[in-house]
Amino acid sequence: MHFSEQLEVPAPLAEAWAFIWDAPRLAACLPGCVGVEQVRAGEAYRARFEDHVGPYKVHFDLDIKVKETVPLERVRIFASGRDARLGVTQRVDLTVILAEKETPGTTLAVEAEVEILGKVATLGQFVVKRKAQDVVKQFTRNIEAELRPTAADNSPEEARA
């Protein structure tokens with residue numbers, strides 16, 4: 001299943017790029033991600049994912065590998081994991097492309113190829129695709145919210161400092 005989302009954030013390109021590499025902060029934006037650990041900085045990570053798909057509660061330990069990096073421009077990762085209890089396998093090939101906007105801010109294009117095999121897939125492609133699409137959409141909305149300045153960042157007291 002292929003998913004595409006694009007978002008514009010008011011953060012400068014360098015700040016958006018730094019955010020992509022802040023694994024705990026980025027993982028907090030992924031619905032269902034309950035933890036992440038760095039195995040090798042910039043190369044490999046391990047994440048714990050828990051969520052419901054239809055009547056099933058899935059638990060994945062995802063191995064995440066950085067496949068390609070073009071600084072300040074693009075990162076491509078591959079994540080795979082298995083819920084042994086349900087016999088479900090998940091694979092995700094995710095690319096995030098960053099581009100500086102003319103007005104202050106950054107555009108992030110998120111492309112994801114998601115494959116889910118096993119018992120959950122028997123729910124039907126519609127249910128599985130809808131759930132995966134919802135996760136990708138919420139992920140991009142959470143990133144946008146995380147990179148949007150808060151009212152406190154623009155308070156008059158800070159402007160005077």
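Predicted model: local features only at pLDDT ≥ 70, side-chain atom pairs only at ≥ 80, totals over all residues.
Start by selecting Leu72, which sits in the loop between strand 4 and strand 5. Is Leu72 buried, partly exposed or exposed? Its relative accessibility is 39%, so Leu72 counts as partly exposed. Now check its backbone: Leu72 has a positive phi of about 65°, although it is not a glycine. Most residues other than glycine have a negative phi.

Strand 4 covers residues 56-70 and strand 5 covers residues 74-83. They pair in the antiparallel sense over nine bridges. To see one place where they face each other, select Val66 and find Ile77 of strand 5 standing opposite.

Seven strands form an open sheet, and if you walk across it you meet them in the order 1-7-6-5-4-3-2, with antiparallel pairing. At the edges stand strand 1 (2-9) and strand 2 (33-40); each has a single partner strand, so one side of each is left without a neighbour in the sheet. Turn the view to look across the strands: the twist averages 20° from one strand to the next.

Bring in helix 1, residues 13-20. This helix packs on the sheet and touches strand 4, strand 5, strand 6 (88-100) and strand 7 (106-117). Its direction makes about 165° with that of strand 6. Which residues of helix 1 are buried? Select Leu13, Ala16, Trp17, Phe19 and Ile20.

Leaving aside neighbours within four places in sequence, Thr89 is in contact with Phe60, Gly81, Arg82, Glu115, Ile116 and Leu117. From Thr89, draw a distance to Val120: the two are 31 residues apart in sequence, and 9.2 Å apart in space from C-alpha to C-alpha.

Not counting residues up to four places away in sequence, Val120 touches Val53, Tyr56, Val58, Leu86, Val88 and Val128. In the largest nonpolar core, which has 43 residues, Val120 is among those that touch the most other members, along with Val96, Leu98 and Ile143. For the last stop, show helix 3 (residues 125-147), which gives the most to this core, with six residues. In soluble globular proteins, nonpolar side chains tend to be buried together.

Technical notes: Residues numbered from 1 in each chain as written. Heavy atoms only, no water. Core = buried A, V, L, I, M, F, W, Y, C linked by side-chain atoms within 4.5 Å. Buried < 20%, exposed > 50% of the residue type's maximum accessible area, 1.4 Å probe, protein only. Helix = DSSP H or I, 4+ residues; strand = E, 2+ residues; numbered from the N terminus. Contact = heavy atoms within 4.5 Å. Pairing = 2+ DSSP bridges. Axes fitted to C-alpha atoms, helices over the stretch in contact; angles between N-to-C directions.
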